[in-house]
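Hi everyone, thanks for making time this morning.

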Amino acid sequence: MRHASTIPVPDRTGIAGDCATLFVSLELSRSTWVATSLAPGSTKMSKHTLAGGNGRELLDLLTRLKTRAEQRIAAPVGVVTIHEVGLDGFWIHRLLEANGVESHVVDPASIAVPRRHRRAKTDAIDGETLLRTLMAWQRGEPRVCAMTVPPSPSEEDRRRISREPATLLRERIQHTNRVRGLLFGQGITNYNPLHKNRRESLGELRTGDGRSLPTHVKAEILREIDRLELVLRQISEVEAERDEMLRPAEASSPAALLMRLKGIGAEFATVLYFEGLFRHFENRRQLSAYAGLAPSPWKSGSIDQEQGISKAGNPRLRTTMVELAWMWVRYQPDSALSGWFRQRVGSERGRTRRIAIVALARKLLIALARYINHGEIPEGAVVKPD
């Protein structure tokens with residue numbers, strides 16, 4: 001521990017009935033961690049600065065604070081912590097839970113802050129805000145913030161199989177665009193870097209003025225092709241690993257059930273299940289909110305307008321559902337959801353159609369959740385032949 005300081009707070013921050021709880025908020029960054037604590041029976045918050053990434057130092061600090069609080073009140077003290085979800089992932093949460101600390105991970109966008117255009121923001125202020133939020137949550141005020149549900153290590157690891165292909169695809173696009181750009185500068189537009197004979201056909205190319213490719217340009221393109229072929233090989237390996245994961249012993253697994261529906265392939269099934277449908281949701285509102293497909297009304301007095309979807313949830317799941325909604329209308333035209341979409345938009349184009357497809361994505365997500373949880377096939381949907 002480098003240093004500690006105390007910040008006076010009003011008496012109303014003390015919570016009756018929580019006198020045996022030590023509250024701690026963590027402000028995490030790459031270089032430093034700031035822990036703000038409020039001991040039972042105290043009216044002052046203490047701030048402690050630690051080296052960033054040092055889990056052992058954090059556990060030692062919590063142990064000292066807990067021991068000091070127990071000596072003060074001569075009673076057992078429990079430790080409850082809170083920190084924002086971020087680049088650190090969930091390893092800190094798991095470390096704290098494994099050492100007997102009740103840990104909460106909060107969505108930072110859900111914490112109320114002053115709406116002034118210019119407001120003070122420091123680690124001390126943020127730590128105090130987090131601490132007050134945690135105490136309100138412990139008092140039983142669920143709407144004070146949105147706590148995340150950390151996935152298990154195996155669930156978090158399985159997500160990689162659906163996320164890595166997207167990264168590799170972006171790299172493939174970068175390499176192909178780079179090759180095409182170099183050739184376009186030489187007046188060549190009919191070359192496909194993804195073709196199997198890309199190396200052989202490169203030597204046959206002629207520039208727009210009839211010359212062979214310049215030596216250094218060709219060398220640069222060949223190096224770019226080397227990187228492209230590496231990415232293509234990795235994409236094939238990841239897809240093979242994904243297909244192996246989707247080939248379980250029983251055909252009743254959630255991913256296999258999704259793939260039985262016409263229009264849903266291995267990529268859609270992987271993202272849908274590992275990004276959202278593996279979780280338990282109490283109701284359809286929670287599910288649509290997790291995907292960022294929940295509506296955002298703005299109502300005040302005579303003002304009543306819709307702001308569109310919140311986009312506050314999982315962006316991968318939301319993007320995939322919108323893509324799948326377009327595919328659903330095409331490959332499941334006789335389903336009830338596709339009929340609802342056609343009745344809604346009619347012959348409209350543009351903005352009306354885009355708004356309706358997002359609504360269809362929300363309805364489809366709920367229908368697919370019922371399908372894998374209760375076996376209810378979406379009304380009118382076609383199942384692939386065995």
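A quick word on the ground rules. This is a predicted model, where local features need pLDDT of at least 70 and side-chain atom pairs count only at pLDDT 80 or more, while totals for chains, interfaces and linings use all residues. Residues are numbered from 1 along each chain as its sequence is written, and side-chain values use heavy atoms, with hydrogens and water left out.

Let's start with helix H3, residues 123-138. Helices here are DSSP runs of H or I with at least four residues, strands are runs of E with at least two, and both are numbered from the N terminus. H3 has 16 residues and reaches 22 Å from its first C-alpha to its last. Its buried residues include Asp126, Leu130, Leu134 and Met135; buried means under 20% relative accessible area, exposed means over 50%, and partly exposed is in between, using a 1.4 Å probe and protein chains only. What covers them? Strands E2 (21-28), E3 (32-38) and E4 (44-51) are among the elements that do. After the helix comes Gly140, with a positive phi near 105°.

Asp126 also forms a salt bridge with Lys121, with the closest N and O atoms 2.7 Å apart. By salt bridge I mean a side-chain nitrogen of Lys or Arg within 4 Å of a carboxyl oxygen of Asp or Glu. Asp126 is buried at 13% relative accessible area, whereas Lys121 is exposed at 56%.

Now, the cores. A nonpolar core is a set of buried Ala, Val, Leu, Ile, Met, Phe, Trp, Tyr and Cys residues joined through side-chain atoms within 4.5 Å. The largest one has 44 residues, and Leu258, Ile264 and Leu368 are among those with the most contacts inside it. Helix H13 (351-374) is one of several helices that each supply at least two residues, and H13 gives the most, with 13 residues. Another core, of 18 residues, lies apart from it and includes Leu26 and Ala69.

Back to salt bridges: the structure holds 14 of them. In one, the side chains of Glu156 and Arg94 meet at 2.7 Å, N to O. Glu156 lies in helix H4 and Arg94 in helix H2, so this pair ties together parts that are 62 residues apart in sequence. Finally, Arg198, Arg199, Asp226 and Glu229 are linked in a salt-bridge network. Within that group, Arg198 is buried at 10% relative accessibility, while Glu229 is partly exposed at 24%.

Definitions and conventions:
Expected span 1.5 Å × (residues − 1). Contact = heavy atoms within 4.5 Å.
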